Amino acid sequence: MNETAKNIIKYVSLALAIMLCVSIVMPFSCYFALFSCSMAFDDSSVDCRKEFGKLTGFTEVPPCETAIYQNTHGGFHGDGITAMVMTFDEENGALLSSLLAETENWRSAPMYGRASDIFYSNGFFSAAEITDGYYACYDKQQESFDPEVFDTNEYSTNCWIAAYDCDDPTLYFYEHDT
């Protein structure tokens with residue numbers, strides 16, 4: 001076999017090895033890398049009331065009956081999502097409602113605009129549209145509690161949105177960082 005034929009076989013073998021790697025090995029390694037970075041975890045050891053206070057500045061959340069916490073942060077540049085849902089009995093729900101009614105930056109429901117779109121399509125919890133309740137939203141990039149600011153920044157989302165449903169005493173929290 002002459003030198004040219006050997007080089008052709010060598011390069012064809014190399015090309016086949018690269019194609020095999022790209023078509024089989026890389027998708028699996030990318031899948032596992034992405035899965036490990038974006039996997040949500042439900043951590044029942046997290047005190048949702050404390051975490052809610054730390055993230056929103058509202059520290060007067062009364063005791064809740066149930067709490068669910070999920071967090072996917074820890075990926076690339078801290079991108080990820082934090083979601084919490086807390087339910088309350090009638091007495092603590094009424095207390096929370098009266099506290100939120102008097103708290104700066106909390107508005108009467110319903111929510112509107114991009115904040116509403118982000119909140120109701122989050123994929124972590126399903127909340128019926130809240131018509132009797134309160135909400136607060138904070139755009140981290142604009143450092144603003146104004147819901148209209150959400151409508152001006154469509155390229156990335158770094159915000160949190162909290163909503164309380166008075167009809168079904170439930171407090172929702174959703175943080176999105178891209």
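Reader: What is the relative accessible area of cysteine 64, and which class does that put it in?

Author: Cysteine 64 has a relative accessible area of 24%, which makes it partly exposed. Buried means under 20% and exposed means over 50%, so a value between these limits is read as partly exposed. This is a predicted model, and the values below are computed from it.

Reader: Which residues of the largest nonpolar core touch the most other members?

Author: They are Phe52, Trp106 and Leu171, in a core of 20 residues. Helix H2 (48-56), strand S3 (80-87), helix H3 (90-101), S5, S6 and S7 each give two or more residues to this core. Phenylalanine 52 shows how such a residue is read: beyond four places in sequence, its contacts include Trp106, Leu171, Met84, Met86, Ala162 and Phe173. A second, separate core has 19 residues, among them Ile81, Ala83, Ala109 and Phe125.

Reader: Which strands does helix H4 pack against?

Author: The buried residues of H4 pack against strand S5 (133-139), strand S6 (158-165) and strand S7 (170-177). In H4 (residues 113-120), those buried residues are Arg114, Ala115, Ser116, Ile118 and Phe119.

Reader: How many salt bridges does the structure hold, and where does glutamate 51 take part?

Author: Side chains of opposite charge can pair when their charged atoms come close. There are three salt bridges here. Glutamate 51 pairs with lysine 54 at 3.4 Å, N to O. The two are three residues apart in helix H2, and therefore separated by about one helical turn. Glutamate 51 counts as buried at 15% relative accessibility, whereas lysine 54 is exposed at 61%.

Reader: Which residues are linked in a network of salt bridges?

Author: Lys140, Glu175 and Asp177 form the network. Between glutamate 175 and lysine 140, the closest N and O atoms are 2.4 Å apart. Glutamate 175 is in strand S7 and lysine 140 in the loop between S5 and S6, so this pair ties together parts 35 residues apart in sequence. Between aspartate 177 and lysine 140, the closest N and O atoms are 3.0 Å apart. Aspartate 177 also lies in strand S7, so its pairing with lysine 140 ties together parts 37 residues apart in sequence. Glutamate 175 is buried, at 7%, and aspartate 177 counts as buried at 11%. Lysine 140 is partly exposed, at 29%.

Reader: What does histidine 176 contact beyond its neighbours within four places in sequence?

Author: Histidine 176, found in strand S7, is in contact with Gly80, Ile81, Thr157, Asn158 and Cys159. Its side chain also makes a polar contact of 2.8 Å with that of tyrosine 174.

Methods: Residues numbered from 1 in each chain as written. Predicted model: local features only at pLDDT ≥ 70, side-chain atom pairs only at ≥ 80, totals over all residues. Heavy atoms only, no water. Buried < 20%, exposed > 50% of the residue type's maximum accessible area, 1.4 Å probe, protein only. Helix = DSSP H or I, 4+ residues; strand = E, 2+ residues; numbered from the N terminus. Contact = heavy atoms within 4.5 Å. Polar contact = N/O pair within 3.5 Å; in protein donor to acceptor, adjacent residues only side chain to side chain. Core = buried A, V, L, I, M, F, W, Y, C linked by side-chain atoms within 4.5 Å. Salt bridge = Lys/Arg side-chain N within 4 Å of Asp/Glu carboxyl O.
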